[in-house]
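Welcome! Take them one at a time, and try each task before reading on.

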Amino acid sequence: MFQAILQSFTTSINALWSNKVRSFLTMLGIIIGVGSVIVIMSIGAGAQNLILSQIESLGTNLIAVIPGHSEEEGFASVMSGFAVTTLKYDDVQSLRDNRDIPNIIEVAGYNKGFGSVKWRSESYNTSLTGTTASYLEVESGKIEKGRFFTKEEEKNLARVAVLGNDVKDELFGQSDAVGQRIKISNYTFEVIGVLKERGVVAFEDYDDQIFLPIKTAQRMMGINHIGLIRAKIDSEENFEKAIADIKIALRGQHNIKDQSGQSDDFSVRSSAQALGLLTMITDALKYFLTAMAALSLLVGGIGIMNIMLISVTERTREIGLRKALGANNFHILGQFLMEAVFITVLGGLIGIAGGILISFLVSVGAQILGYDWAFLILPSSILFALIVSIGIGLFFGFYPARKAGKLNPIKALRYE
Amino acid sequence: MAKTTNLIEVKNLRRTFGDGVQTQALRDVSFSVKPGEFVAIMGPSGSGKSTLMHILGLLDRASGGEYKFEGKNVNSLGDNELALLRNEKIGFIFQSFNLLQRATVLKNVALPLIYSKNKSNRDARAKKVLESVGLSHRLNYFTNQISGGERQRVAIARALVNNASVIFADEPTGNLDSKSGLQIMKILNRLNTEGHTIILVTHETYTAECAQRIIQMKDGEIISDEKVEKRRGIHSKDVIK
């Protein structure tokens, strides 16, 4: 048995070697397909790793309260595109001051918007974040220069602003920003601080923002609701208890009697849940792209079937001769199947090597660009690529091989 | 009277080709061949001699009639059983040699052993038969590097490598000059004296006369089946039919 396989293998190599260029071109489809799968899986894993580690850097001990009702694991209703206005500034206050939620360290409220900011002749469009004085504590942010606004300024509609690092650079360049007066949508604000550079975390550029006291921001935006509340918890172990406590507190605040959660006009999520959701999304994206790459494997497979059919036709006399000398249908089928599998496996191995190389270059490039990008090759993706390569060889090689095996020896011998 | 075992025995063998308009290539052909015989099948083109050889060589199946090889009815055998019989019992020599171009002389000769049950010492066995046809100096040559006569000797070696009971030679000298042709016929004669059964399909009288028996065919039928006595250089014919 082993000898027979070895024999088919040597015969296959000889046959492929005698048509080197054609064999390589046939392999190309598989090389590209397998290479793409490896690269996409690797880049996907690298990107996922980057996003998740950035989110983790925000802190995994955060609980988010978003307006509107939603199911546990699903998307929040705010993502449907409608503004939901069920959270108010008082909710932030009540959670902050509630003695029944002992695990909360600090609570921050948020409103997001966009605006044009001007200083002298400089103008810049950026994100505006209305937030509470507790922002730095909740988000683990750090001040580079000046200070953050106080609770008093938050309550008193003070016209003070803290700049993200990029905004400061865009407007002020090398000169000092603290103490300067800027105009945001025709309201004058005093710059009281600049935040330390933080980068992009979970699609949000923390440096391209201006932070304003939340009540001031609401007045400017003409709203009185809150877009998001974040609560920092003392320990991840207390998540469930804290979430339950927050729900009870907000139901009390909103006069909701139903404790089942069905009537809630808010949703509470932990950052662990958010991580889970994001992992789910990035996984889905990764597998979708992998499936697209796998399509090129399908095309490559069809190419192999085509070449194998040509090869069977070209070698009809050889098949006839082998049959005359005693080869049976299975010998011939085995030989051609082995050739197809050999092409796809060799193509797969080259594709894996190429894919690993490209993934490595991408990770090096990303690191040069300043991302904390990990070079990740999943052993499962290599195994997957190998199994798929063998599978494609067997699947697309079977029809030509069977055709060869079934050839009538005398017709094959006489084939011109 | 003791019954002699025939190597080949055909009764009323028929072969028709075509689905719509049918052509009868063989019509009720009956004869037998004993082990060790040297039989030449002659006839003009279209007489059915090649068709007969293909059926006898188990490369094709008859449309009707009976064919017994070594006493076994081959009509009922499957494709793979026929392949095994071809491998173990039959050797072929073709007019156009039918050698693999990308394989060496040695590998060409060893080719039938790949499909054999006994795969041991393939190269050694191939070398031995190549020696017997005088080609031990060409083992590692490719087939396009040797002459036509040498190629046919490679084909003979390949037919012998599995120690076949019968060798079918289809116009073995057809593509050769007369000198090489004569050399090939000498080898076939020698093999016959060593005990090999040889069935030769030819239209050349000088090659057919090497045989002990000549079967003449025309329009798919046997028109004569004669024994050729080669004693003291005189060919005396003993007409059987």
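**Exercise 1**

Task: Find the handedness of the crossing of helix 3 of chain B and helix 4 of chain B, then describe how the two helices pack.

Solution: In this predicted model, helix 3 of chain B and helix 4 of chain B cross in a right-handed way. Next, look at the geometry: helix 3 (residues 105-114) and helix 4 (residues 122-132) of chain B have axes 9 Å apart and pack at an angle of about 120°. That angle makes helix 3 of chain B oblique to helix 4 of chain B.

Now turn to the residues that meet. Helix 3 of chain B brings B:Val105, B:Leu106, B:Lys107, B:Val109, B:Ala110, B:Leu113 and B:Ile114, while helix 4 of chain B brings B:Arg122, B:Asp123, B:Arg125, B:Ala126, B:Lys127, B:Val129 and B:Leu130. Sorted by class, the contact of helix 3 with helix 4 of chain B has nine nonpolar, no polar and five charged residues.

**Exercise 2**

Task: Work out how helix 9 of chain A and helix 12 of chain A are oriented to each other.

Solution: Start with the axes. Those of helix 9 (residues 271-314) and helix 12 (residues 379-405) of chain A come within 9 Å and cross at roughly 30°. Angles under 35 degrees count as roughly parallel, and therefore helix 9 of chain A and helix 12 of chain A are roughly parallel to each other. Their crossing is right-handed.

Then list the contact residues. Among them are A:Leu297, A:Gly301 and A:Met305 of helix 9 of chain A, and A:Phe384, A:Ile392 and A:Lys403 of helix 12 of chain A. By class, the contact of helix 9 with helix 12 of chain A has 14 nonpolar, two polar and one charged residues.

**Exercise 3**

Task: How many residues of chain B are in contact with chain A, and what area do the chains bury between them?

Solution: Count the residues: 22 of chain B are in contact with 25 of chain A. For the area, chain B and chain A bury about 2,200 Å² between them, with 57% of it on carbon and sulfur atoms.

**Exercise 4**

Task: Which residue forms a salt bridge with B:Arg102?

Solution: Across the interface of chain B and chain A, the rule finds one salt bridge. The partner of B:Arg102 is A:Glu318, and their closest N and O atoms are 3.1 Å apart. A:Glu318 also forms a salt bridge with A:Arg322, where the closest N and O atoms are 2.8 Å apart. A:Arg322 and A:Glu318 are four residues apart in helix 10 (residues 316-324) of chain A, so about one helical turn separates them. Over all chains, the structure holds 23 salt bridges.

Conventions
Residues are numbered from 1 along each chain as its sequence is written. Chains are lettered from A and ligands numbered from 1 in the order in which they are written. This is a predicted model: local features need pLDDT of at least 70, side-chain atom pairs count only at pLDDT 80 or more; totals for chains, interfaces and linings use all residues. Side-chain values use heavy atoms; hydrogens and water are left out. Axes are lines fitted to C-alpha atoms, for helices over the stretch in contact, and angles run from 0 to 180 degrees between N-to-C directions. Angles under 35 degrees count as roughly parallel, over 145 as roughly antiparallel, 65 to 115 as roughly perpendicular and the rest as oblique. A crossing is left-handed if the near helix is turned anticlockwise from the far one by less than a right angle, and right-handed if clockwise. Contact means heavy atoms within 4.5 Å. Ala, Val, Leu, Ile, Met, Phe, Trp, Tyr, Cys and Pro count as nonpolar, Asp, Glu, Lys and Arg as charged, and the others, Gly among them, as polar. Buried area is the accessible area (1.4 Å probe) that two parts lose on being put together, summed over both. A salt bridge is a side-chain nitrogen of Lys or Arg within 4 Å of a carboxyl oxygen of Asp or Glu.
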